[in-house]
Amino acid sequence: MKLSVPKETSEGERRVALVPEVAKKLTEDGVDVVLEPGAGECSHLPDALYEEAGASVSEGQGLSGDVVAKVAPPSTEEIGRMEQGTVLIGFLAPLTAPDTAKALAEAGVTSFAMEAIPRISRAQSMDALSSQATVAGYRAALLTAQELGRFFPMLSTAAGAIRPAKVLVLGAGVAGLQAIATARRLGAVVSAFDVRSAVEEQIQSLGAKFVKLDIGLEDAEDAGGYARQLTDEEQQRQREALADVIGGMDGVISTAAVPGRKAPLLIIEDAVRQMKPGSVIVDLAAETGGNCELTEPGETVVRHNVKIVGPINLPSSMPDHASQLYSKNVQSLLGLMVDDEGALQLNFDDEVIAGACITHDGLIVHLGARKAAGLPEAEDGGDAAGQESQDTQDADDTQDSEGTEQDVESAEPEAK
Ligand SMILES: NC(=O)c1ccc[n+]([C@@H]2O[C@H](COP(=O)([O-])OP(=O)(O)OC[C@H]3O[C@@H](n4cnc5c(N)ncnc54)[C@H](O)[C@@H]3O)[C@@H](O)[C@H]2O)c1
């Protein structure tokens with residue numbers, strides 16, 4: 001089997017799908033690994049390291065393999081360069097980028113989205129959403145500290161005492177918990193809020209305070225372990241109650257998300273107005289619409305004397321470790337696809353393979369992706385590409401659970 005790795009082309013993308021350490025393991029297992037020259041350059045991984053690992057580096061070969069491993073979704077041009085029958089692994093935004101899924105199906109590419117890998121215990125080592133969210137959460141806490149003109153820790157100096165900064169983290173999923181842990185390590189007094197009450201203990205175990213809003217909100221965890229979409233009225237009550245809490249903070253890191261949907265609006269303009277001049281908001285949800293009303297994606301703006309940072313693709317700003325973790329996720333997924341002789345074997349009876357598959361045999365086979373593309377549940381009214389074990393729920397619910405219905409086991413969050 002030939003595995004190829006292109007140099008990422010999307011703007012600002014500095015990660016690479018394979019690091020030399022993983023390339024070495026794959027070549028030892030009989031996989032023929034080939035990279036586009038400079039593929040690892042932005043992650044500080046020169047071509048020579050890949051060649052030492054047994055891979056080859058060759059111009060124009062990044063999309064030529066039986067399997068192509070990428071980070072960012074492929075461009076139309078890249079899809080056009082892939083041969084029919086190619087297997088593609090990467091982030092594909094299946095619920096929000098229907099044109100990519102359509103183009104991949106038309107090109108006859110069998111694609112697997114890292115976002116769609118079921119979040120079951122067996123697939124934890126393949127969970128790129130978690131690995132990259134860990135990077136984003138860490139980075140968000142550092143950004144907040146850097147942009148704030150105040151110390152995070154409490155200091156007692158000869159020139160006087162400094163009070164610790166107060167930091168609020170909104171959304172305590174993988175990124176939020178990592179942001180809490182990092183802000184705590186830097187010495188801030190941290191509190192956090194999430195609509196899933198299950199996270200209360202996790203927040204407290206990291207030394208932060210769980211913010212309870214007295215708004216009569218039922219626990220908002222869905223069957224898959226994700227947050228459900230709140231009603232308009234619930235959201236309104238939540239925003240108003242949060243405004244008071246936010247007003248007393250030096251820094252706010254917002255990470256709230258509902259898979260496949262626009263990010264919930266949590267920080268209204270009035271909340272920003274209540275913050276002290278010089279305070280900082282880092283909105284990790286900027287890419288999906290922002291948790292703050294005043295966020296401008298990709299920009300840092302100052303509104304009402306508060307700095308609002310709306311970073312895009314934060315994991316790419318720490319490419320060395322982001323690539324290392326992502327590459328391990330890819331390696332684990334490949335472990336399900338490659339037999340003992342190093343040959344490609346796709347077993348669609350495996351719920352991970354079936355759940356992550358977006359396109360196969362010229363069709364979009366992932367239920368959430370089909371819905372996003374405006375297609376009926378299945379071409380022939382039955383389940384597609386061995387997805388019998390999933391996608392039986394109401395199509396309306398698929399956007400809440402990345403199109404899969406597997407049980408999300410209560411894995412320990414990485415930040416814990
Ligand atoms: N392998 C596994 O079993 C596995 C791996 C990773 C994560 N998980 C679980 O998946 C779940 C979600 O993880 P994620 O980090 O991908 O989440 P996410 O990125 O989808 O969302 C981030 C956080 O925002 C919260 N949120 C949503 N709407 C909100 C609102 N209106 N107000 C406040 N907070 C809001 C969510 O509850 C979540 O904690 C968690 O239960 C996590 O423990 C399981």
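What follows is a conversation about a predicted model and the reasons behind some of the words used for it.

Colleague: How many helices and strands does the protein have?
Modeller: There are 13 helices and 17 strands. The protein has 416 residues, and buried ones make up 50% of them.

Colleague: Why is G260 called buried?
Modeller: Count the other C-beta atoms within 10 Å of its own. G260 has 23. The cut-off for buried is 20 or more. So G260 is buried. Its place is in the loop between β12 (251-254) and α9 (269-274).

Colleague: Which residue is 167 residues from G260 along the chain, and what separates their C-alpha atoms?
Modeller: That residue is A93, and the C-alpha atoms are separated by 8.5 Å.

Colleague: What makes H304 partly exposed?
Modeller: H304 has 15 C-beta neighbours inside 10 Å. Exposed needs 12 or fewer, and buried needs 20 or more. The value for H304 falls in between, so H304 counts as partly exposed. H304 sits in the loop between β14 (300-303) and β15 (306-309). Its phi is positive, about 50°, although H304 is not a glycine.

Colleague: Is D361 buried or exposed, and how do you know?
Modeller: D361 has 12 other C-beta atoms within 10 Å. Exposed means 12 or fewer. Therefore D361 is exposed. D361 lies in the loop between β16 (357-360) and β17 (363-364). D361 also has a positive phi of about 50°, and is not a glycine.

Colleague: Why is L346 called partly exposed?
Modeller: L346 has 17 other C-beta atoms within 10 Å. That value lies between the cut-offs of 12 and 20, so L346 is partly exposed. L346 is in the loop between α10 and α11 (351-356).

Colleague: What does L346 contact, leaving aside neighbours within four places in sequence?
Modeller: L346 is in contact with M337 and I353. As for L336, it is 10 residues from L346 in sequence, and their C-alpha atoms are 7.8 Å apart.

Colleague: Which residues have the most contacts inside the largest nonpolar core?
Modeller: They are V169, I180 and I358. This core has 126 residues. Helix α5 (residues 128-147) gives the most to this core, with 10 residues.

Colleague: How do you know where this core lies relative to domain 1 and domain 2?
Modeller: Look at who gives residues. Domain 1 (2-127 + 318-394) does, and so does domain 2 (135-316). Therefore the core lies between them.

Colleague: What does I358 touch, not counting residues up to four places away in sequence?
Modeller: Its partners include L92, P94, A101, L104 and F112. I364, H366 and A369 are also among them.

Colleague: What makes α5 roughly antiparallel to α10?
Modeller: α5 and helix α10 (residues 319-335) pack at an angle of about 170°. An angle over 145 counts as roughly antiparallel. So α5 is roughly antiparallel to α10. Their axes are 9 Å apart.

Colleague: Which residues make the contact?
Modeller: From α5 come A128, S131, Q132 and V135. From α10 come H321, A322, L325, Y326 and N329. By class, the contact has 5 nonpolar, 4 polar and no charged residues.

Colleague: What share of contacts with a separation of 6 or more is made by residues 24 or more positions apart?
Modeller: Such residues account for 68% of those contacts in the protein.

Definitions and conventions: Residues are numbered from 1 along each chain as its sequence is written. This is a predicted model: local features need pLDDT of at least 70, side-chain atom pairs count only at pLDDT 80 or more; totals for chains, interfaces and linings use all residues. Helices (H or I, at least four residues) and strands (E, at least two) are DSSP runs, numbered from the N terminus. A nonpolar core is a set of buried Ala, Val, Leu, Ile, Met, Phe, Trp, Tyr and Cys residues joined through C-beta atoms within 7 Å. Domain bounds come from an automatic or database domain assignment. Two residues are in contact if their C-beta atoms, placed from the backbone, lie within 7 Å. Axes are lines fitted to C-alpha atoms, for helices over the stretch in contact, and angles run from 0 to 180 degrees between N-to-C directions. Angles under 35 degrees count as roughly parallel, over 145 as roughly antiparallel, 65 to 115 as roughly perpendicular and the rest as oblique. Ala, Val, Leu, Ile, Met, Phe, Trp, Tyr, Cys and Pro count as nonpolar, Asp, Glu, Lys and Arg as charged, and the others, Gly among them, as polar.
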